[in-house]
Structure formats: structure tokens, C-alpha cells
Amino acid sequence: IIFDWNGNKSRPISHYEDDPITHIVGKFIDGTQIFALDYVPADTLINFYRLEQDKWKTMGSHRAIADCMPFLVGFIDMDDDKRNEIIVRTPPNMNGNTWQDVFRYSSENDSIEFAGNFSTDFEIKKESKTVEETHEGSWYTTPTKALYQWHNNRLIARKLIALPLVEADMR
């Protein structure tokens, strides 16, 4: 079960006690261990923890993509290893584009680590351990299509196709 933190005294210690913080706690990675994440807007840090013997162990920390992170946090097994990855998404910009940071639990390092990022529309292909991304672009950015593949706990871009921007008649 995942729930919002509501002042639990045993919560992970935050970097900024007086600022608003977003917290999520639950068995969201493997269904057995209790993990937590908090987001510190003042410092744009996402911090990860695991509950061990009634104490919170720091599992990692990462600077968010943008000051407005996170808009949405999701948990999904992206590569069929029976452990969920953590996807943190920005709010959409004026064109509807979003950006996702992906984090993954590393049993080798016993930590939660940044695995990669991609934008807007994506499709997870568990059987091939890939992610297909489509970025429609905007007035200022090039439309792209990309294929990412899991390699050594990271999402690596294997193919990238970019369409050139067309100059508009600005009469």
C-alpha cells in the first residue's frame, strides 16, 4: 500500500524541515520491503530510503529534472525483473510535453540509482527490455523517435531519429 506521509514521527529526516515536502511510503519496489521517497522543492532533491530495523536507511538522492518536479510519481516493472522502477514525471509544458526520470533499485550496490530519462509519449516493451519514445516536438524542439534498452541497470539510447524543423512562413 502506498500512502502520503502525514507527520509520522519515524519519517526519514529531511534536508529542510520548514519547507513543504512530498512523501510517499510503501512496498512499491518489490512488494516486501518498505521504501520511501521525499521531494524537497527548495533544493529540488529526490531522496530515497528503506526501512531497516525501525530506522530509515538512505538509499540514494538525485537532483530533479526541473524545479517543478515531481508532478507524478509512478511505479512499474519496466524490464520484467519483478521489481518496480520509479518514474518521476514533470508537469506538462504549454505543448503538453513531459519529462520522466527513471530510478531503479540496484541489489549489487544496495541503493536506488538514476537509470535514465526520456520525454512525453513512451511505450515499455518488457519482453525486449526496451522503451520506445516519441517526442512530437514543438516550435523550438525537434520531433524525435528513440529506442532505449536496459544495459547494466541503465536505459541507453540505441537508436534516435530526428526530423528537421520546418521553417514556418512568418508573414
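Me: What are E85 and R104, buried or exposed?
Reply: Both E85 and R104 are buried, so each has under 20% relative accessible area, whereas exposed means over 50% and partly exposed in between (1.4 Å probe, protein chains only). The model is predicted: local features need a pLDDT of at least 70 and side-chain atom pairs count only at pLDDT 80 or more, while totals for chains, interfaces and linings use all residues. Residues are numbered from 1 along each chain as its sequence is written, and side-chain values use heavy atoms, with hydrogens and water left out.

Me: Why is the meeting of the E85 and R104 side chains called a salt bridge?
Reply: The N to O distance between the side chains of E85 and R104 is 3.5 Å, and a salt bridge needs a side-chain nitrogen of Lys or Arg within 4 Å of a carboxyl oxygen of Asp or Glu, so the pair qualifies. Strands here are DSSP runs of E with at least two residues, and they are numbered from the N terminus.

Me: Which residues are linked with E85 and R104 in a network of salt bridges?
Reply: The network links D79, D81, R83, E85 and R104. Within it, the side chains of D81 and R83 meet in a salt bridge of 3.7 Å, N to O. D81, at 25% relative accessibility, counts as partly exposed, and R83, with a relative accessible area of 23%, is partly exposed as well. In total, the structure holds nine salt bridges.

Me: What makes the salt bridge of D110 and K57 a tie between parts of the chain?
Reply: The side chains of D110 and K57 meet in a salt bridge of 2.6 Å, N to O. D110 lies in the loop between strand 8 and strand 9, and K57 in strand 5 (residues 55-63), so the pair ties together parts that are 53 residues apart in sequence. D110 has 24% relative accessibility and therefore counts as partly exposed, and K57, at 29%, also counts as partly exposed.

Me: How do you know which residues are in contact with E52?
Reply: Contact means heavy atoms within 4.5 Å, and, leaving aside neighbours within four places in sequence, E52 is in contact with K57 and D110. E52 itself has its place in strand 4 (residues 45-52), and its relative accessible area of 32% makes it partly exposed.

Me: Why is the link between the side chains of E52 and R50 called a polar contact?
Reply: The distance that joins the side chains of E52 and R50 is 2.3 Å. A polar contact is a pair of N or O atoms within 3.5 Å, where within protein one must be able to donate a hydrogen and the other to accept it, and residues adjacent in sequence count only if both atoms are side-chain atoms; the pair is therefore counted. The side chain of T98 makes another such polar contact, with the side chain of Q100, at 3.0 Å.

Me: What is T98, buried or exposed?
Reply: T98 has a relative accessible area of 7%, so it is buried. T98 lies in the loop between strand 7 (85-89) and strand 8 (99-106). Leaving aside its neighbours within four places in sequence, the residues in contact with T98 include R89, P91 and F118.

Me: How do you know in which sense strand 7 and strand 8 run?
Reply: Strand 7 and strand 8 run antiparallel and are joined by four bridges, and since two strands pair if DSSP finds at least two bridges between them, they count as paired. Within this pair, V88 stands opposite D101. Strand 8 also pairs with strand 9 (residues 111-119) in the antiparallel sense, over eight bridges. Seven of the eight residues of strand 8 are buried, and the strand is mostly covered.

Me: Why is strand 11 described as largely enclosed?
Reply: Five of its six residues are buried, so strand 11 is largely enclosed by the rest of the structure. Strand 11 pairs with strand 10 (residues 121-125) in the antiparallel sense over five bridges, and six bridges join strand 11 to strand 12, again running antiparallel.

Me: What is Y140, buried or exposed?
Reply: Y140 has 66% relative accessibility and therefore counts as exposed. Y140 lies in the loop between strand 11 (130-135) and strand 12 (144-151).
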